[in-house]
Amino acid sequence: MNYKKIIRFFSILLFLWFSIHIIYTIIDGNKDEGKSADIAVILGTTVNTDGTLSERLEKRMECGLKLYKDGLVKKIIVSGGLGKEGFLEGDKMKEYLIEKGIPYSLIIVDNKGNNTTATVANAIQMRDSLHYNSVIVVSQYFHLTRTKMLFRKEGFENVSSVSPDYSEYRDFYSLFREFFAYYYDRLK
């Protein structure tokens, strides 16, 4: 056996698998089907040290706000955890939406959504009390394929997604990280 050929073959195969997955993630994450849903779930990210939303989080919030104002969702779950900056992401996200005119009663805060898995689990737990059957997930494009997979893994099929038109150089790292996170979460 020629081990170098075998290693080269599997290296090429792994590279193709990685590349196809990344291309799919980019296409899937940037696809907006214009669907409506009972509820939007906006995933949190960094709140600045002064308590303002990071640009990335503000763009997610603008996206969720647009869904509501366009009549595509009836309620919004804002989900995040306690950041190292000392702020509960969910509370800051709710403040933003209230300032933009969304009624207090239509915003549900999940301050225990410390990661994607927790956010999905918490949203699924709220399903019966909130009476929803469809979800639009709002996050960055690279994050949506895995988030939708986690909802489906929990038996929730009626899930779509929307991402803001916003990117940063760190998205390259995030795409790389999401590849491994996707298969880790899928297999556990």
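## Pocket, cores and aromatic rings

The largest pocket has a volume of about 540 Å³. This is a predicted model: local features need pLDDT of at least 70, side-chain atom pairs count only at pLDDT 80 or more, and totals for chains, interfaces and linings use all residues. Residues are numbered from 1 along each chain as its sequence is written, and side-chain values use heavy atoms, without hydrogens and water.

A pocket is an open set of points on a 1 Å grid over the protein atoms alone, where a 1.4 Å probe fits, with protein on both sides within 12 Å along at least five of seven lines; lining residues have an atom within 4 Å of a point. Volume is the space filled by probe spheres set on the points. The lining of the largest pocket counts 28 residues. Nearest its centre lie Gly 44, Thr 45, Asn 114, His 143 and Arg 177. Helix α7 gives the largest share of this lining, 4 residues. Helices are DSSP runs (H or I) of at least four residues, strands (E) of at least two.

Next, the cores. A nonpolar core joins buried Ala, Val, Leu, Ile, Met, Phe, Trp, Tyr and Cys residues through side-chain atoms within 4.5 Å. The largest has 21 residues; Ile 42, Met 61, Leu 67, Val 73, Ile 76, Val 78 and Leu 97 touch the most other members. Helix α2 gives the most to this core, with 5 residues. A separate core has 19 residues, among them Ile 39, Leu 43, Phe 151 and Tyr 182.

Now the rings. Rings of Phe, Tyr and Trp (its six-membered ring) pair if their centres lie within 6.5 Å; planes under 30 degrees apart are stacked, over 60 edge-to-face, the rest tilted. The count comes to 12 aromatic pairs. Tyr 182 and Tyr 183 form an edge-to-face pair, 4.9 Å centre to centre with 75° between the planes. Trp 17, Phe 18, Phe 176, Phe 179, Phe 180, Tyr 182 and Tyr 183 make one aromatic cluster.

Burial is set by relative accessible area: buried is under 20%, exposed over 50%, partly exposed in between (1.4 Å probe, protein chains only).

| Residue | Relative accessibility | Class |
|---|---|---|
| Tyr 182 | 13% | buried |
| Tyr 183 | 24% | partly exposed |
| Asp 28 | 3% | buried |

Asp 28 sits in helix α1 (residues 3–30). Leaving out residues up to four places away in sequence, Asp 28 touches Thr 145, Lys 148 and Ser 161; contact means heavy atoms within 4.5 Å.
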